[in-house]
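Biologist: I would like to learn how to read features off a model like this one. Can we go through it residue by residue?

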Amino acid sequence: MKFSLFYEMQTSNPSRAEEAQLFHDAVDQAVLADKLGYHAIWAVEHHGLREYAHSSAPEIFLSFVAARTKRIRIGHGVTLLPSRYNHPIRVAERIATLDILSEGRVNFGTGKSASQTELLAFESDLTTIHDQWLEALSIIPRMWREDVFSFKGRFFDIPPTQIIPKPVQAPHPPVFAACSRPDTSIFAGKLGLGALSFSFDNQFALAAKVKDYRRAIQAVRPVTEVVTNHFACTPATLVLKDDDEACRYGFRGVRFFNESWSSYYNTMNRPVGPLPIHRDFLDEADFAAMKKVRDTPGANMNMVIGTPSHARDMVSRFVDCGVDELILIMNLGMIPSPLIVRSLKTFAEKVMPHFG
């Protein structure tokens, strides 16, 4: 099992000062994670999702991380590939440059996003967004391989062009896709892509999803140069020696994450201004109920929150499901940076050694 960190750049108070501090804290946390032996730092690309995700230029954040670290991998989780977000030539150039400067540490996650806020801001065509993603995904590895690249497809018409530089990982960095629904993880497997999955499933459904992904990858028709057989999940995480402290802050962070996500993705609206979501600690009844649910085998595997002992039990469930990597979401909108730092250290010292 590999252990990594996931950054949405969440903040419940997005003043300019708080927003700036959030980014500096995230870089400091990444430097600490490198020293503690975490596997990777993954950063999203989202636009206009105020409070939920302020990571609109992950290539800049990840460049800072790469410059200040030595071993930890640098993950785009994910780069948006539909053409109105990013032209594939620019993606190929940026990923290759980061791979060079990080000395071959880049993971290239891909996706398309489905929020109305982003789709309409970039004037994307929702009816073709999946096909745009797939066409861009299919040609970017060719740009890294071919000295002179040309292509004429449905969405891109590129005359002979020398696309430089080339990545240092051969033949190219490992490629992943965002896939949280069972059908998208199967589709990723068939394409030979690593799976980046939100933890929305219970243990039994997650085990079935991983099994279906492995079965799909056995019949792979790779869209890239290499097959990345790797399944990752992203549970919200806060691990402290005091269980009540971890749960009090962690449950509030999970509720903020879920409600802010829902404000943009479970609606056809485009929120503007502060989100109408909960920001306080859970009341006693909700706190007790959530604490009880987290230990239920049939509960969703969306949290690793509590003591190191509890965290080890939860990680063991992910291992039993066949998951390869946990990309821990410690950067939840309601959790102060000092608590995240304590959690990073506690998890590294008391949990990671039990899983190799």
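Biologist: Is Asp-201 buried or exposed?

Modeller: This is a predicted model, and the call rests on relative accessible area. Buried means under 20%. Asp-201 has a relative accessible area of 16%, so Asp-201 is buried.

Biologist: Where does Asp-201 lie?

Modeller: In the loop between strand S8 (194–198) and helix H7 (203–218).

Biologist: Which side chain does Asp-201 join in a polar contact?

Modeller: That of Lys-209, at 2.8 Å. Setting aside residues up to four places away in sequence, Asp-201 touches Ser-180, Leu-206, Lys-209, Ala-299, Asn-300 and Met-301.

Biologist: How do I read a salt bridge?

Modeller: Start with the general idea. Side chains of opposite charge can pair when their charged atoms come close. Now the case here. A search of the whole structure finds 17 salt bridges.

Biologist: Which parts of the chain do Asp-28 and Arg-68 tie together?

Modeller: Their side chains meet in a salt bridge, 3.6 Å from N to O. Asp-28 lies in helix H1 (residues 16–36) and Arg-68 in helix H2 (residues 58–68), so the pair ties together parts that are 40 residues apart in sequence. Asp-28 is partly exposed, with a relative accessible area of 42%. Arg-68 is partly exposed as well, at 45%.

Biologist: What is the relative accessibility of Glu-51?

Modeller: It is 0%, so Glu-51 counts as buried. Glu-51 forms a salt bridge with Arg-279, and the closest N and O atoms are 2.5 Å apart. This pair links distant parts of the chain, 228 residues apart. Glu-51 sits in the loop between strand S2 (40–43) and H2. Arg-279 sits in the loop between helix H8 (243–265) and helix H9 (284–293). Arg-279 is partly exposed, with a relative accessible area of 24%.

Biologist: Which residue forms a salt bridge with Arg-214?

Modeller: Asp-324, with the closest N and O atoms 2.7 Å apart. Arg-214 is in helix H7, while Asp-324 is in the loop between helix H10 (308–321) and S12. The two are 110 residues apart, and the pair links distant parts of the chain. Arg-214 counts as partly exposed at 21% relative accessibility. Asp-324 is partly exposed, at 24%.

Biologist: Which residues do salt bridges with shared partners join into one network?

Modeller: Arg-142, Arg-145, Glu-146 and Glu-225.

Biologist: Back to loops. Where is His-46 found?

Modeller: In the loop between S2 and H2. Glu-51 is in that loop too. His-46 has a relative accessible area of 10%, so His-46 is buried.

Biologist: What does His-46 contact?

Modeller: Leave aside neighbours within four places in sequence. Then the contacts are Glu-8, Tyr-52, Ala-53, Ser-55, Ser-56, Ser-113, Glu-118 and Tyr-265. With Tyr-265 there is also a polar contact of 3.3 Å between side chains. Ala-205 is another matter: C-alpha to C-alpha, His-46 and Ala-205 are 28 Å apart in space, and 159 residues apart in sequence.

Biologist: Which backbone nitrogens does the side chain of Asn-331 reach?

Modeller: Those of Met-9 and Gln-10. The distance is 3.4 Å to Met-9 and 3.4 Å to Gln-10. Asn-331 lies in the loop between strand S12 (325–328) and helix H11 (337–350). At 5% relative accessibility, Asn-331 counts as buried. Beyond residues up to four places away in sequence, Asn-331 touches Phe-6, Tyr-7, Glu-8, Met-9, Gln-10, Leu-22 and Ile-340.

Biologist: Which members of the largest nonpolar core touch the most other members?

Modeller: Tyr-38, Ile-41, Phe-61 and Phe-347, out of 113 residues. Take Ile-41. Neighbours within four places in sequence aside, its contacts include Leu-5, Tyr-7, Ala-30, Phe-61, Val-65 and Ile-72. Arg-73 is also among them.

Biologist: And the surface? Which residues form a nonpolar patch there?

Modeller: Ile-100, Leu-101 and Val-168, with about 280 Å² of accessible area together. Leu-101 lies in helix H3 (residues 88–101). Its relative accessibility is 65%, so Leu-101 counts as exposed.

Conventions:
Residues numbered from 1 in each chain as written. Predicted model: local features only at pLDDT ≥ 70, side-chain atom pairs only at ≥ 80, totals over all residues. Heavy atoms only, no water. Patch = residues over 30% accessible without salt bridge, like charges linked within 9 Å, V, L, I, M, F, W, Y side chains within 5 Å. Areas by Shrake-Rupley, 256 points an atom, 1.4 Å probe, with all protein chains shown as cover. Salt bridge = Lys/Arg side-chain N within 4 Å of Asp/Glu carboxyl O. Helix = DSSP H or I, 4+ residues; strand = E, 2+ residues; numbered from the N terminus. Buried < 20%, exposed > 50% of the residue type's maximum accessible area, 1.4 Å probe, protein only. Polar contact = N/O pair within 3.5 Å; in protein donor to acceptor, adjacent residues only side chain to side chain. Contact = heavy atoms within 4.5 Å. Core = buried A, V, L, I, M, F, W, Y, C linked by side-chain atoms within 4.5 Å.
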